[in-house]
Amino acid sequence: MKVLIVLTSHDELGNTGHKTGFWLEELAAPYYRFKEAGWEITLASPKGGQPPLDPKSNEPDSQTDDTRRFEADPEATNALANTVRLDAVSAGDFDTVFYPGGHGPLWDLAEDTVSARLIETTLRSGKPVGLVCHAPGALRHTVNEDGTPLVSGKKVTGFANSEEEAVQLTDVVPFLVEDELTKLGGLYSKTGDWQPYVLQDGLLITGQNPASSAPAADALIELVNKGGV
């Protein structure tokens, strides 16, 4: 099986002067789940090359066995340093697509028409898509074939308003994931802050926060192995 992992290229945390990017655990944990499943992994980002890492995701409190393993893995770090440009990939070349979060996607992937078409095309061809934490924000402009919001009427989750408040970025982010998914008609639900929570609705898998990244990857693997829905 071939999986495309789509990462952000955005590194500015609004006007704060601080850096952001992708969240390391949300890449590392799924990366090794997919690798252990025997999948072929391709990393992509809007600009290609090395995507920006959210520095907070590599602080001691945020490190996990998977993040340490990733950082010490030459094959993984080389793949990360050389992501392909998102506009150079074809949905037809992959069995599934996975989006790690971090705050970066709220600025670029949420507004990226190439990303939106990739998600739409993958789902319409009967292949699943997984998104975790802030990455469900990339569903913002995705639509069904009839033009209605893709998440309308679907069970979805993503970074909760209470979690955004806890990291004191409610007034910094361009939009709140929970509010946006709800506004689009998504049947948003969540669990306690920082606890694993994954939802599947048809071919769409969403996870609430960093702790949900490994369970979301496991759910995606199970769904792909079943041949979709």
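**Entry 1: the sheet**

I started with strand 4 (residues 96–99) and strand 5 (residues 129–132), which pair in the parallel sense over three bridges. I take two strands as paired if DSSP finds at least two bridges between them. Helices (H or I, at least four residues) and strands (E, at least two) are DSSP runs, numbered from the N terminus. Before going on, I noted that this is a predicted model, where local features need pLDDT of at least 70 and side-chain atom pairs count only at pLDDT 80 or more, while totals for chains, interfaces and linings use all residues. Residues are numbered from 1 along each chain as its sequence is written, and side-chain values use heavy atoms, with hydrogens and water left out.

Within this pair of strands, I found Tyr 99 opposite Leu 131 in strand 5. Zooming out, I saw an open sheet of seven strands with mixed pairing, in the order 3-2-1-4-5-9-8. Strand 3 (84–85) and strand 8 (198–201) are the edge strands, each pairing on one side only.

**Entry 2: strand 9 and its neighbours**

Next I followed strand 5 to strand 9: they pair in the parallel sense over four bridges, and Gly 130 stands opposite Ile 205. On to strand 8, which pairs with strand 9 in the antiparallel sense over four bridges; here Val 198 faces Gly 207. Their hairpin has two residues between the strands, and Gly 202 takes a positive phi near 65 degrees there.

For me, buried means under 20% relative accessible area, exposed over 50%, and partly exposed in between (1.4 Å probe, protein chains only).

**Entry 3: helix 7**

I then looked up helix 7 (residues 213–225), which packs on the sheet and touches strand 4, strand 5, strand 8 and strand 9 (204–207). Contact here means heavy atoms within 4.5 Å. The direction of helix 7 makes about 170 degrees with that of strand 4. Axes are lines fitted to C-alpha atoms, for helices over the stretch in contact, and angles run from 0 to 180 degrees between N-to-C directions.

Among the buried residues of helix 7 I listed Ala 216, Leu 220, Leu 223 and Val 224. Their cover includes helix 1 (24–36) as well as strands of the sheet, strand 4 and strand 9 among them. Just after the helix, Gly 227 takes a positive phi of about 80 degrees.

**Entry 4: helix 1 against helix 7**

How do the axes of helix 1 and helix 7 cross? They come within 8 Å and cross at roughly 35 degrees. The contact includes Ala 29, Arg 33 and Phe 34 from helix 1, and Ala 217, Asp 218 and Ile 221 from helix 7.

Most residues other than glycine have a negative phi, so I checked for exceptions. Gln 168 has a positive phi of about 60 degrees and lies in the loop between helix 5 and helix 6 (177–183). At 69% relative accessibility, Gln 168 is exposed. Trp 194 has a positive phi of about 70 degrees, in the loop between strand 7 (187–188) and strand 8. Trp 194 counts as partly exposed, because its relative accessibility is 37%.
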